[in-house]
Structures are given as structure tokens and as C-alpha cells.
Amino acid sequence: MDQTKMRILSAAAKLFDVHGYKGTSVRQIASVAQVNSALISYHFEGKQGVLETLIASYFETLFRLLEELENEQENIPAYQRLEQVVQLYLQFQCEHAPITRLIHRELSVESMLAREVMTLYMSRWKHGLSRVIEGGVVSGEFIPVSIDRTVLAMTSQMIYPFLQPQMVRQVYDLEPSSEEFVQWLQTSIMCYLRGSLLPA
């Protein structure tokens with residue numbers, strides 16, 4: 001991707017995070033990116049195209065990393081595999097906290113874009129987690145559980161802190177984009193999964 005596109009995407013991500021998608025204008029993006037507004041239309045066909053590119057890039061990068069991890073995990077126990085997947089998700093969200101927040105804010109609003117993102121990306125997110133849990137159930141390492149309910153609980157724990165960072169700061173006195181927080185959250189999620197999936 002060329003430098004101009006990268007500058008536009010970087011500027012848009014910052015502005016969307018601060019002002020929201022609707023509260024950000026093409027003119028503001030162009031000003032922060034130090035480009036002519038016409039270049040945003042040329043490269044992305046407008047603000048909607050910028051948002052769609054940010055979302056696609058985020059998820060495609062995440063799924064590529066998950067695929068690489070999956071290729072390395074062939075002969076390890078299901079619980080360890082699940083722990084590595086959770087760690088990757090959390091680390092990725094932390095490293096891309098503004099985009100993570102933006103995406104989940106946009107998904108909370110009923111729109112055509114939200115439906116497309118759910119269909120294209122969130123279903124892949126669910127499928128990736130479900131596959132690891134299902135593998136553990138089939139192998140007998142995990143007790144039989146409702147995979148959908150387990151994935152929903154995991155996803156809620158993974159997403160909520162990045163959607164509501166102020167709550168995490170005020171109530172838990174932790175910085176949601178810090179390494180310390182990622183480790184704390186991973187420990188909490190794995191404690192829940194240990195109790196839900198492993199035989200007593």
C-alpha cells in the first residue's frame with residue numbers, strides 16, 4: 001500500500017476513534033493526513049470506503065496471524081491451543097486498540113455495514129474459536145459443552161474491555177492497552193475456560 005493511502009488510513013483511524021465515524025468529515029481526514037480531499041475519493045471512494053478498508057485490513061491481518069498460529073499447533077493439547085488463540089486475539093486487539101474500539105462501536109449500530117462485517121468477519125471469528133473448542137470436546141480433553149454459549153462468553157470477555165476502556169480504567173484501575181492488562185484479562189478468561197471445559 002502506498003504512503004498516501006497509509007497516511008489517509010492512519011489519520012482516519014485516529015479521528016474515528018476520537019470523534020466517531022459520523023463525527024469525522026472527509027475534510028478533517030485530509031487535513032490530518034496532509035492530502036487533498038480529492039485523494040480520499042480517488043483511493044477509497046469516500047469516507048465509507050476508508051472505514052471499510054480499515055475494517056478489512058484489521059480482520060484480514062488477524063485471520064492471517066491465526067492461520068499461521070494454527071499451522072504451528074498441530075500436535076499440542078486443545079487447552080494449550082485455546083490459550084494461544086486467546087493470547088493472540090487479546091494481543092492483537094491491544095496493539096490495534098483504536099481500530100478495535102471503532103469496529104465494535106460500529107457493530108453496535110444496526111446498519112448495512114454492521115451486517116456485512118458480521119457476515120464476513122465475525123462469523124469467521126466465531127468459527128475459529130468454535131473449531132478449537134470442538135476439537136477438545138471430540139478428543140475428550142474438554143467436557144461436552146454448548147460451544148456457542150462458550151464462544152459468546154469468551155467473545156464478551158475479550159471485546160468488552162476494548163469497547164469500554166474508560167470503565168476498565170475507572171473500575172479496575174488498569175490501562176486497557178497495556179501488556180499488564182492483556183495478561184490480567186487472559187488469566188481471567190483462561191480461568192473461566194478451565195472451569196467450563198476441563199473435567200473436575
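Biologist: How many of the 11 residues of helix 6 are buried?

Modeller: This is a predicted model. In it, helix 6 is mostly covered. The buried residues include Ile99, Leu102, Ile103 and Leu107. Of the 11 residues in helix 6, the number buried is nine.

Biologist: What covers the buried residues of helix 6?

Modeller: Several helices share that cover. Among them are helix 1, helix 4, helix 5 and helix 7. The cover also includes helix 8 (147-163) and helix 9 (165-172).

Biologist: Is His104 buried or exposed?

Modeller: His104 lies in helix 6. Its relative accessible area is 6%. Buried means under 20%, so His104 is buried.

Biologist: At what angle do the axes of helix 5 and helix 6 cross?

Modeller: Helix 5 spans residues 78-95 and helix 6 spans residues 97-107. Their axes come within 5 Å and cross at roughly 100 degrees. That angle makes helix 5, relative to helix 6, roughly perpendicular.

Biologist: Which residues of helix 6 meet helix 5?

Modeller: Helix 5 brings Gln93, Cys94 and Glu95 to the contact. The residues of this contact divide into two nonpolar, three polar and one charged. On the helix 6 side they are Ala97, Thr100 and His104.

Biologist: Which residues lie nearest the centre of the largest pocket?

Modeller: The largest pocket has a volume of about 340 Å³. Helix 4 (47-72), helix 5 and helix 7 (112-139) each supply at least two residues of its lining. By class, that lining has six nonpolar, three polar and six charged residues. Of the 15 lining residues, those nearest the centre are Leu66, Glu67, Glu70, Gly128 and Arg131.

Biologist: What is the volume of the second largest pocket, and which residues are closest to its centre?

Modeller: The volume of the second largest pocket is about 280 Å³. Its lining counts 14 residues, and the closest to the centre are Leu9, Leu54, Ser57, His96 and Ile99.

Biologist: Which elements give two or more residues to the lining of the second largest pocket?

Modeller: By class, this lining has eight nonpolar, five polar and one charged residues. Leu9 and Leu54 are among the residues closest to the pocket centre. The elements that give two or more lining residues are helix 1 (3-19) and helix 4.

Note on methods:
Residues numbered from 1 in each chain as written. Predicted model: local features only at pLDDT ≥ 70, side-chain atom pairs only at ≥ 80, totals over all residues. Heavy atoms only, no water. Axes fitted to C-alpha atoms, helices over the stretch in contact; angles between N-to-C directions. Helix = DSSP H or I, 4+ residues; strand = E, 2+ residues; numbered from the N terminus. Parallel < 35°, antiparallel > 145°, perpendicular 65-115°, else oblique. Contact = heavy atoms within 4.5 Å. Nonpolar A, V, L, I, M, F, W, Y, C, P; charged D, E, K, R; others polar. Buried < 20%, exposed > 50% of the residue type's maximum accessible area, 1.4 Å probe, protein only. 1 Å grid on protein atoms, 1.4 Å probe; cavity = no way out; pocket = protein on both sides within 12 Å on 5 of 7 lines; lining within 4 Å. Points joined across faces, edges and corners; volume = space filled by probe spheres on them.
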